[in-house]
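Here is my note for your review. Please read it with the model open.

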Amino acid sequence: MRPPQADEGPTCRDGFPVHQCTAWDHLGPQSPRQTNLAFTLDGPVRARGMIRITRVLPGLSVAAIQRGPVTPSPADLAHVLPPIEAALAARGVATLTVNPVWTGDDVPAAREALVAQGYAQVPAALQNFPTATAGLDLTRSADEIRAGMSKSGRKDLRKATDNGIAARPMASLSEAEAANEAMRAMAAATGMQTDAQHDFRRHFDYLSRHTDDGVILVTTLDGEVFGGLVSYCEGDVGYGFNLCTRPDITLPRTHVMMFEAALALKAKGCRRFDLVGYDSGGDAQRLGRSMFKKHFGPDIIDVLPIFSKPLRPFAHHAVQGLRATLRRARGLRHRTGKGGQDA
């Protein structure tokens, strides 16, 4: 394990999740508390990828392999994980969290492989990657994709374009900053937390130098930028990464963004568009985020949840207790702040 080198690989065009590529050192959240390390394994199963180390307290840290590790099959996790665990434990890591990208019929085998290695599914509150997603078939023509949408989805698409809403490739850093302003406004309205992953300037800088790796768009109203979207090409799957619009724009707009992104990804050779996440239950906000995806007539696909394993059990339980206390404190501050605004 060592610091990643720029453009060393693997790449998302090789079929790796962008979180497991050296690109993540540029795109992912960085802070004095967080470090990205690249790993390479030789043996019965060769593996490469990225690990994020987060310092909780001096001498105490946790590790996460986001959307990984990547292996040829779920059974190969038994070969790849033990040497990674040993190396991390030697660095003082208390807990390893993993999220291999297995979907559909592969989920049960991947779950079984992780449980056999001593991993347990993390609580629902900590599942910050979806456990179900919406997949849009891009092997169809543009007319077929449009025809596959619901009646209300096609109506919103027409209404948006009739009222001057359009989506096109992002052209400059100033447009990336306009998308950032929209992201900040959306975050303030919804209470979502943002970090370096949500910085469109980072994505624009990277995709300007690696044009085959993804698609970055702006959404405009009569030519003025009010939102942005970025997707990465993970092999033949387009992975929807960021999407935002200013909350003061009340016209239908997400349908235009997603439709144009689907066509741009199709042009790059992607065969499926992962709209990233699908909630069939829960609060109104989550249902609303899924409703416009449903309008595209996607396939709903199960995704393996996040799992974790204690590498140093005493330290692991200490970290979990500290994190629970911090979550309660953040929740209390959020409720108090919201009450103050309502008053």
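The points below cover the basis of the model, its aromatic pairs and a charged patch.

1. This is a predicted model: local features need pLDDT of at least 70, side-chain atom pairs need pLDDT 80 or more, and totals for chains, interfaces and linings use all residues. Residues are numbered from 1 along each chain as its sequence is written, and side-chain values use heavy atoms, without hydrogens and water.

2. The structure has four aromatic pairs. Rings of Phe, Tyr and Trp (its six-membered ring) pair if their centres lie within 6.5 Å; planes under 30 degrees apart are stacked, over 60 edge-to-face, the rest tilted. Y206 and Y232 make a tilted pair, because their ring centres are 6.4 Å apart and their planes stand at 50 degrees. This pair links distant parts of the chain, 26 residues apart: Y206 sits in helix α7 (residues 200–209), Y232 in strand β9 (residues 224–234). Helices (H or I, at least four residues) and strands (E, at least two) are DSSP runs, numbered from the N terminus.

3. Y206 counts as buried, at 7% relative accessibility. Y232 is buried at 0%. Buried means under 20% relative accessible area (1.4 Å probe, protein chains only).

4. Y232 also pairs edge-to-face with F241, at 5.9 Å centre to centre and 80 degrees between the planes. F241 is buried, as is Y232. Ring pairs join W24, Y206, Y232, Y239 and F241 into a cluster.

5. On the surface, K151, K155, R158 and K159 form a patch of positive charge. Patch residues have over 30% relative accessible area and no salt bridge, with like charges joined within 9 Å. A salt bridge is a side-chain nitrogen of Lys or Arg within 4 Å of a carboxyl oxygen of Asp or Glu. R158 lies in helix α5 (residues 151–162).

Note on methods. Patch = residues over 30% accessible without salt bridge, like charges linked within 9 Å, V, L, I, M, F, W, Y side chains within 5 Å. Areas by Shrake-Rupley, 256 points an atom, 1.4 Å probe, with all protein chains shown as cover. Lys, Arg positive; Asp, Glu negative; His and termini not counted. Charge placed at Lys NZ, Arg CZ, Asp CG, Glu CD. Buried < 20%, exposed > 50% of the residue type's maximum accessible area, 1.4 Å probe, protein only.
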